[in-house]
Amino acid sequence: AIELYEQVLKGIEKGLFPKINKENGVDFLAKKIRFKIAENYYQQAKYSESLALIEECLPEQMDDEMLYLAAFAYKAKSDYETAIEYLQKYLKTGTRI
């Protein structure tokens, strides 16, 4: 599944899908696909790969799902201080997964 998501993401980045919806100037579909790839890496216990994708996003692109996933990936890597920071950011967003 990761390979398919990565191919679609590359296509989006190359502009092969010009009619993709935008959300606040951010490519909504690319953000969701990036999250799905990060989620798949997390499920495979590839926490560093998951975090690398999440942290490619700008702070204003971070949504609830990304903040929550990042918190648990850092927890899995035993980086509890950073995990707490991401959970606090998640709690400040006001919505819950």
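A nonpolar core is here a set of buried Ala, Val, Leu, Ile, Met, Phe, Trp, Tyr and Cys residues joined through side-chain atoms within 4.5 Å, where buried means under 20% relative accessible area, exposed over 50% and partly exposed in between, with a 1.4 Å probe and protein chains only. The structure is a predicted model, in which local features need pLDDT of at least 70 and side-chain atom pairs count only at pLDDT 80 or more, while totals for chains, interfaces and linings use all residues. Residues are numbered from 1 along each chain as its sequence is written, and side-chain values use heavy atoms, with hydrogens and water left out.

The protein chain contains five helices and two strands, these being DSSP runs numbered from the N terminus (H or I of at least four residues for helices, E of at least two for strands). Along the sequence these elements follow the pattern α-β-β-α-α-α-α. Of the 97 residues in the protein chain, 37% are buried. Among contacts (heavy atoms within 4.5 Å) with a separation of 6 or more, 47% join residues 24 or more positions apart.

The largest nonpolar core has 24 residues, and those with the most contacts inside it are Ile37, Ile54, Met62, Met66 and Tyr86. At least two residues of this core are supplied by each of H1 (2–13), H2 (28–43), H3 (47–55), H4 (64–76) and H5 (80–92), and the largest share, seven residues, comes from H4. When residues up to four places away in sequence are not counted, Tyr86 touches Glu55, Met62, Leu67, Ala70, Ala71 and Tyr74.

The axes of H2 and H4 come within 11 Å and cross at roughly 20°, the axes being lines fitted to C-alpha atoms over the stretch in contact, with angles from 0 to 180 degrees between N-to-C directions. H2 is therefore roughly parallel to H4, a term for angles under 35 degrees. The contact is made by Lys31, Lys32, Phe35, Ala38, Glu39 and Tyr42 of H2 together with Glu65, Met66, Leu69, Phe72 and Ala73 of H4. These residues divide into seven nonpolar, no polar and four charged, with Ala, Val, Leu, Ile, Met, Phe, Trp, Tyr, Cys and Pro counted as nonpolar, Asp, Glu, Lys and Arg as charged, and the others, Gly among them, as polar.

Gln88 lies in helix H5 and counts as partly exposed because its relative accessibility is 45%. The C-alpha atoms of Gln88 and Ala71 are separated by 9.1 Å, although the two residues are 17 residues apart along the chain.

Notes
Parallel < 35°, antiparallel > 145°, perpendicular 65-115°, else oblique.
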